[in-house]
Amino acid sequence: MASKTPRLPVNGTSLVACVTLAASTFMLWHTFDPAYDTAFASAGRGPVFFPRILLVIMLMLSAAVLAQSVTRPRVPETETAALAWRALLSVLLAAVATGLYLYLIYVIGYLLASIAFSFVLPVVFGYRRWVVTATFAAVYATATWYVFEMIFRIVLPKSPWFIYF
Amino acid sequence: MDVALLGLEQILTWQTMLAVVLGTALGVAVGVLPGLGSVVGITMVLPFTLTMGQMPAVAVLLGIYCGSVYGGSITAIIINTPGTPQAAATALDGYPMAARGEADLALGWATTASLIGGLFSVLVLMLAAPQLAAFSLNFTSVEYFALGVFALICIAQVSQGSMLRGLLSGAMGMFVATVGVDPVIGDMRFTFDSFALSAGISLIPAIVGLFALSEMFVRIAERYTPTVKVDFKVGFKMPPRSAWRGRLVLLLKSCLIGSFIGALPGTGAATSAFISYSEAKRSSPNRARIGKGEPDGIIAAESANNAVTGSALVPTLALGIPGDPVTAVMLGTLIVQGITPGPRLFIEHLDVVYAIFFILIAANVAMFAIGAVGAQAFTRVLRVPESLLMTAVVVIALLGAYGVRGNSLDLVIAFAAGIVGFVMRRTGFPIAPMVIGMVLSPMIENALRQSLMLTRGSFWAFFERPITLALFVVTAAILLWPLVRWLLRAAKTHNDAQDRRT
Amino acid sequence: MNFRIFVAAAVSGLAVLGLVQPANAFPDRPVTMVVPFSAGGGTDITARTLAGPMAEALGSELLVKNTAGAGGTIGTAEVAAARTVGYTIGMMPVGPMTTQPHLRKLPYSPESFDYICLAYSAPSSIVVRKDSPFNSLADMVDYAKANPGKLNFGVQAIGSIPHVAGLGLVDATGIDIAFIPFKGSAPTFKAMLDGSVDMFVAHISFLTQNADQVKSIAMLSDEPVSTAPDLPTAKQQGVPLNFPIWGGLVAPKGIPAEARDTLESACEKGMNSKAFGDRMADLRMPVTFMKGSDFETFVQAEFARNAKLLAKAGLSN
């Protein structure tokens with residue numbers, strides 16, 4: 001896949017491997033926390049017995065992936081084309097919108113938050129037919145709310161202003 | 001034969017037939033919706049099952065059961081988001097096939113394979129339930145551990161092409177699943193004193209994030225990259241009979257795997273689909289294409305997960321051990337009417353058992369019909385503008401993630417998993433191994449630590465059990481075979497080179 | 001357009017949306033009943049069976065909300081932290097109320113709640129396989145004394161009531177048995193059928209439902225059980241053990257007394273309804289109602305007793 005867009009300055013795979021390496025080292029260190037010593041142990045195997053095995057494996061695999069991506073940096077890069085900064089910005093925007101949406105569900109309730117989010121996300125996607133987007137947002141959010149709350153009987157978070165949503 | 005007729009008579013009422021159809025339709029619906037599964041279906045019908053007659057109640061529950069296992073595959077194929085964990089393996093080949101415009105055919109393969117898998121397992125239930133139930137009692141915690149380790153091979157099989165990254169992804173999935181309450185002794189692990197996190201990182205929100213949310217991020221990222229316009233075919237296309245040639249062995253093998261795993265309570269349809277998929281990837285003649293939209297992948301996953309439905313009733317009916325909430329509620333419904341599960345059920349209440357067989361057959365047929373008709377609508381979804389489609393998917397997927405446990409932590413997990421999934425996909429880490437890791441980790445850890453408690457801490461006692469030993473040997477053989485083959489080939493080239501030199 | 005009609009329409013529209021709230025007596029809107037486990041389980045089914053007739057008595061909708069996770073503690077904490085207006089109540093079973101708080105730090109304790117009523121209380125029983133050589137508590141205890149550390153006792157979860165009951169048994173008889181935890185009752189039952197464990201503690205309805213494959217060696221209740229009078233209790237066999245599996249309705253501490261009273265009487269009416277009675281009869285469970293004040297005393301006693309047993313086993317935090 002040939003792409004004209006500029007490549008990221010760092011190799012993504014090695015970056016991910018560094019993160020997992022650091023995370024598994026930290027977690028492994030954490031398993032020696034005295035809090036786990038006092039825990040009720042069974043047949044000599046406490047709560048961190050199994051995770052410790054997994055963490056050692058993760059540590060070794062992270063190191064191996066890192067070594068591979070440093071020595072043969074082109075191998076993983078063939079699978080993905082690097083992203084333009086504009087695309088990265090859109091992803092960031094979508095992530096912020098989603099995070100905000102999840103937060104708002106608890107503040108203004110599912111229905112209102114979903115109407116707002118269903119309107120915003122298509123815009124982030126670059127969709128510019130406002131009437132369609134607005135109609136979609138209102139109808140879709142209400143329909144999902146109705147199906148869950150009224151048919152599936154799953155109680156959803158509500159706003160402080162209304163009884164039903 | 002008279003008993004069979006008696007059983008048939010019990011279900012040939014309009015109430016029961018209606019219950020089968022409505023139950024299956026509801027099952028497909030909750031299966032299709034990402035995050036939601038059979039449990040939501042039960043929540044809906046529970047108030048009615050308590051008052052409706054026995055057979056209609058059983059019919060509606062079995063309909064939900066079969067429908068939901070199948071329904072998950074539709075979303076897996078159309079939008080690369082398995083509607084239920086059981087369908088995660090289906091996405092691996094179903095989505096690539098749909099992405100090149102053949103969603104109609106992919107649904108055809110999935111629906112047909114589901115039907116055959118489902119019917120096969122009814123046959124197993126009819127012919128061998130008491131024997132299979134007795135055999136399943138040979139599987140103690142030690143054997144479950146060995147089976148779990150055997151199932152880990154899937155991680156390696158699915159990771160072919162990016163082996164190290166796939167294995168790392170699998171190990172991460174296994175680790176993440178250990179966060180929260182220690183399943184064996186109830187202590188907190190890796191929660192860093194956060195009460196919310198004590199609920200653990202559960203599978204469904206993780207799947208919703210890894211698949212649905214990351215798909216949204218990926219598509220947003222690619223919106224500046226010019227893409228080839230794909231002509232999405234709409235509708236439902238039965239695979240031609242000629243296409244089945246050379247795939248029947250695979251189908252039979254997948255049905256057997258699914259039926260066998262299903263009879264072991266607590267293993268589940270997701271595990272069976274992955275084991276079957278990995279077996280297809282190991283031995284199918286088309287294995288080189290599996291993972292790129294090859295029907296074999298769909299057949300293996302879908303026939304195996306639907307083959308679980310019938311055989312999961314083996315421990316439920318013959319031992320009184322339900323493997324999941326649906327079978328538990330169904331068992332409760334039968335018991336209320338004075339039917340005691342156990343080996344004697346198959347002698348004393350054979351008419352009821354036959355009635356259940358016929359209900360299952362009807363539910364599978366209804367499932368096929370609903371799938372074939374519904375495909376018209378499902379495939380049309382692909383023609384909705386991408387931005388609206390992805391928004392709709394994200395909203396419903398997050399809603400589903402919340403709905404499973406009604407727990408706000410699950411939304412945070414889905415979000416985090418979405419970002420992790422996006423980063424992994426951009427850097428060439430496969431996602432499926434992570435899901436497999438999350439599915440298998442609790443099973444393996446539970447079984448391992450229970451086994452150690454039962455053997456009073458001795459690992460050697462594991463090897464004294466024949467089934468366990470056999471499973472370990474097979475696992476080792478499959479893992480070592482590529483190495484052996486490579487060594488043999490290396491030795492041969494070396495010899496050839498020497499021959500040439502001399 | 002006629003202005004008055006517009007205003008009337010707007011007001012009724014808003015009233016439908018619930019924006020204009022008439023100052024009615026409790027309850028003037030749906031009450032949510034939190035169940036701390038997933039749909040389809042025992043607690044959930046009982047809650048849903050009660051919710052129907054109870055809503056009728058309340059004259060308002062009663063929604064069941066499942067908040068599952070961490071042994072029921074997530075849902076229990078949700079109720080403890082809910083607004084103290086009486087519109088969020090919880091069907092809280094014995095585990096999250098009286099054993100989990102001893103096992104780890106939780107954002108609630110029995111003091112965090114106002115008590116509405118006890119909704120169910122089923123006796124438990126020590127069960128063994130039907131073909132087991134043990135026919136009484138004494139058979140088992142004698143064997144355990146002759147073979148210390150040999151017997152395996154399956155538990156549905158560490159710190160659950162069946163486990164605490166097992167600890168009570170060990171405490172009372174001084175036997176040495178190994179507790180093997182499984183995940184829920186189905187896997188525990190399977191482990192007994194495949195021979196991994198020798199016994200476990202189960203709910204009475206389990207016993208009647210699986211009468212073909214299991215038998216009781218002791219009912220863990222002080223009085224003989226009305227729905228199974230011929231089964232000997234542990235007390236009759238000289239070991240007083242009383243471990244009912246119960247659940248009841250609670251609300252966050254500090255709800256208006258009027259709301260609590262309304263809920264209590266609705267609970268009583270609901271439990272006396274035919275629908276609820278039939279369902280309990282199906283499960284071979286006696287209908288056991290308790291007023292809020294009695295329920296509170298009962299919970300405190302259970303809480304203290306379980307604290308002692310868990311501490312003795314070295315399980316408390």
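Two residues are in contact if their C-beta atoms, placed from the backbone, lie within 7 Å. By that criterion, 42 residues of chain B are in contact with 43 residues of chain C, while 55 residues of chain A touch 54 residues of chain B. The structure is a predicted model, with an ipTM of 0.88 and a pTM of 0.87.

**Confidence along the chains**

- Chain A has a mean pLDDT of 83, and 82% of its residues reach 70 or more.
- Among the elements of chain A, the lowest mean pLDDT, 50, belongs to helix H4 (residues 74-77) of chain A, and the highest, 92, to helix H5 (residues 85-124) of chain A.
- Over residues 1-9 of chain A the pLDDT stays under 50, and the model has 11 contacts beyond four places in sequence for them. Residues 75-80 of chain A also stay under 50, with 9 contacts beyond four places in sequence.
- For chain C the average pLDDT is 86, and 92% of the residues score at least 70.
- Among the elements of chain C, helix H1 (residues 3-17) of chain C has the lowest mean pLDDT, 51, whereas strand S6 (residues 152-155) of chain C has the highest, 93. The pLDDT is below 50 over residues 14-23 of chain C, a stretch with 11 contacts in the model beyond near neighbours in sequence.

**The interface of chain A with chain B**

- Four elements of chain A give two or more residues to the side that touches chain B: helix H1 (12-30), helix H3 (49-71), H5 and helix H6 (130-152).
- H5(A) gives the most to this side of chain A, with 16 residues.
- By class, the side of chain A that touches chain B divides into 36 nonpolar, 15 polar and 4 charged residues.

**The interface of chain B with chain C**

- On the side of chain B that touches chain C, at least two residues each come from helix H3 (38-49), strand S1 (180-181), helix H16 (325-336) and helix H21 (432-454) of chain B.
- This side of chain B has 25 nonpolar, 15 polar and 2 charged residues.

**Domains within each chain**

- Chain A is assigned domain 1 (12-77) and domain 2 (85-152). The centres of domain 1 of chain A and domain 2 of chain A, taken over C-alpha atoms, are separated by 37 Å.
- Chain B is assigned domain 1 (2-450) and domain 2 (467-502), and 36 Å separate the centres of these two domains of chain B, taken over C-alpha atoms.
- In chain B, 9 residues of domain 1 are in contact with 8 residues of domain 2. Helix H7 (residues 141-151) of chain B gives the most to the domain 1 side of this contact, with 6 residues. That side of domain 1 of chain B divides into 6 nonpolar, 1 polar and 2 charged residues.
- Chain C is assigned domain 1 (25-121 + 245-312) and domain 2 (124-219). Their centres, taken over C-alpha atoms, are separated by 28 Å.
- The contact between the domains of chain C takes 14 residues from domain 1 and 13 residues from domain 2. On the domain 1 side, helix H4 (94-103) and helix H11 (292-312) of chain C each supply at least two residues, and H4(C) provides the largest share, 5 residues. By class, this side of domain 1 of chain C has 7 nonpolar, 5 polar and 2 charged residues.

**A helix pair in chain B**

- H3(B) packs with helix H4 (residues 54-79) of chain B at an angle of about 170 degrees, and their axes are 10 Å apart. Angles over 145 degrees count as roughly antiparallel, so H3(B) is roughly antiparallel to H4(B).
- H3(B) makes the contact through Ser38(B), Gly41(B), Ile42(B), Val45(B) and Thr49(B). The residues from H4(B) are Ala57(B), Val60(B), Leu61(B), Ile64(B), Tyr65(B) and Ser68(B).
- By class, the contact of H3(B) with H4(B) has 7 nonpolar, 4 polar and no charged residues.

**Annotated spans of chain A**

- An unreviewed UniProt entry gives the annotation "transmembrane region" for residues 12-29, 49-71, 83-102, 108-127 and 134-156 of chain A.
- Residues 49-71 of chain A are 100% helix and 0% strand, and the end C-alpha atoms are 34 Å apart.
- Residues 134-156 of chain A are 83% helix and 0% strand, with end C-alpha atoms 23 Å apart.

Notes
Residues are numbered from 1 along each chain as its sequence is written. Chains are lettered from A and ligands numbered from 1 in the order in which they are written. This is a predicted model: local features need pLDDT of at least 70, side-chain atom pairs count only at pLDDT 80 or more; totals for chains, interfaces and linings use all residues. Domain bounds come from an automatic or database domain assignment. Ala, Val, Leu, Ile, Met, Phe, Trp, Tyr, Cys and Pro count as nonpolar, Asp, Glu, Lys and Arg as charged, and the others, Gly among them, as polar. UniProt positions are given in the numbering used here, feature names are shortened, and annotations may be inferred rather than shown by experiment. pLDDT is the predictor's confidence in each residue, from 0 to 100. Axes are lines fitted to C-alpha atoms, for helices over the stretch in contact, and angles run from 0 to 180 degrees between N-to-C directions. Angles under 35 degrees count as roughly parallel, over 145 as roughly antiparallel, 65 to 115 as roughly perpendicular and the rest as oblique.
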